[in-house]
Amino acid sequence: MTNELEATGTELVNSPLTEEEVERVVAALAESRSPATRRAYASKWKGWVKWCSITQRSALPASPENVAAYLSEMAEGASLSTVNGAAAAIRAYHEDAGLDDPTSAAGVRRVRAGLTRRLGVASSKQAHALTLAEMRRLVDACNDDGVRGMRDKAVLLIGYAGALRRSELAALQVEDIGRMRDGLVITIRQSKGDQLKAGQQVGVTWGEHKETCPVTALDAWLELLGVDSGPIFGRVTRHNTVPLTIKGLTGESIDQIVKSRAQLAGLGSLPISGHSLRAGHATTVAEHGVDAARIARTTRHVRLETLAKYVRPAQVLKDTTAKELGL
């Protein structure tokens, strides 16, 4: 058996299947989770294994008591999402190994309930939602920067106008862009809310101002790129030119583009990241009175509770009776 199969530790190892058949099944099982989820689980699992090594306890299989102790200790300096992520990784590795899930034990569930009450569910590191005025500053910071500036301007405006996730921006291909009289129809091949790759479409209309028009910015970049297929957003050489072979960016690269332009725009003190484009879209249109259902059709949020954190602040200010006090 390969090291991969041994590490997986499923019942398939002792099955009557051939090694080739087992490898195909294991490969399919691996694809049941997105690459981002697999990376996150691997990182959290590494932390669990290290803790078990230091405390001389078994990582796999793990006892519910040890898992409860680990999560409680982690909660002393970590957010609830980090604690929940660690629990999810421990569960996933045990399930993949055909072992009982220690996180489902009653004691662990009660410990996690207590940690939820203690830490709360509010996000402690929420990305700043970019306003329209701030977006204009980021776009201005792209001017006079040659090829790199043209690429970054298109990244910012398409990401903001389409409410795209950074991974979706990075994965865009020239073939994904459809054109209509009123703007662009962008096909998102796969996303966080579309793990089965059914595909989703997002409309991006012409902007009211040429300097911040997403269609104009993308057209200018594609004309410079001069290709009919392949990645739209790729690396720029250190000489600020388009390379002969275009290698697509990663989600992390998109994140760095947004952060670097924020620094140049004098907004470095704000918690701006790649997610700020998507958050800014949702928050800005909510402040303009767009209803949540319509916003969700653009942002493609599966859960309206997630969208609510962008919509509620605008609704709260409209609904409050404080303005009736006459203060």
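Colleague: Before we start on the strands, what does buried mean here?
Modeller: Buried means under 20% relative accessible area. The model itself is predicted.

Colleague: How many bridges join β2 to β3?
Modeller: Six bridges join strand β2 (residues 183-188) to β3, and the two run antiparallel. Within this pairing, Val185 stands opposite Gly203.

Colleague: Turning to the rings, how many aromatic pairs are there?
Modeller: The structure holds four aromatic pairs. One of them is formed by Trp45 and Tyr93, which are stacked at 4.3 Å centre to centre with 0 degrees between the planes.

Colleague: Which parts does that pair tie together?
Modeller: Trp45 lies in helix α3 (residues 35-55) and Tyr93 in helix α5 (residues 80-96), so the pair ties together parts that are 48 residues apart in sequence.

Colleague: Is Trp45 buried or exposed?
Modeller: Trp45 counts as buried because its relative accessibility is 11%. Tyr93, at 27%, counts as partly exposed.

Colleague: What about Trp48 and Tyr70?
Modeller: Their ring centres are 5.0 Å apart and their planes stand at 65 degrees, so the pair is edge-to-face. Both Trp48 and Tyr70 are buried. Ring pairs also link Trp48, Trp51 and Tyr70 into a cluster.

Colleague: And on the surface, which residues form a nonpolar patch?
Modeller: Leu17, Val25 and Leu29 do, with about 210 Å² of accessible area together. Val25 is found in helix α2 (residues 19-30).

Technical notes:
Residues numbered from 1 in each chain as written. Predicted model: local features only at pLDDT ≥ 70, side-chain atom pairs only at ≥ 80, totals over all residues. Heavy atoms only, no water. Patch = residues over 30% accessible without salt bridge, like charges linked within 9 Å, V, L, I, M, F, W, Y side chains within 5 Å. Areas by Shrake-Rupley, 256 points an atom, 1.4 Å probe, with all protein chains shown as cover. Salt bridge = Lys/Arg side-chain N within 4 Å of Asp/Glu carboxyl O. Helix = DSSP H or I, 4+ residues; strand = E, 2+ residues; numbered from the N terminus. Pairing = 2+ DSSP bridges. Phe/Tyr/Trp six-rings, centres within 6.5 Å; stacked < 30°, edge-to-face > 60°. Buried < 20%, exposed > 50% of the residue type's maximum accessible area, 1.4 Å probe, protein only.
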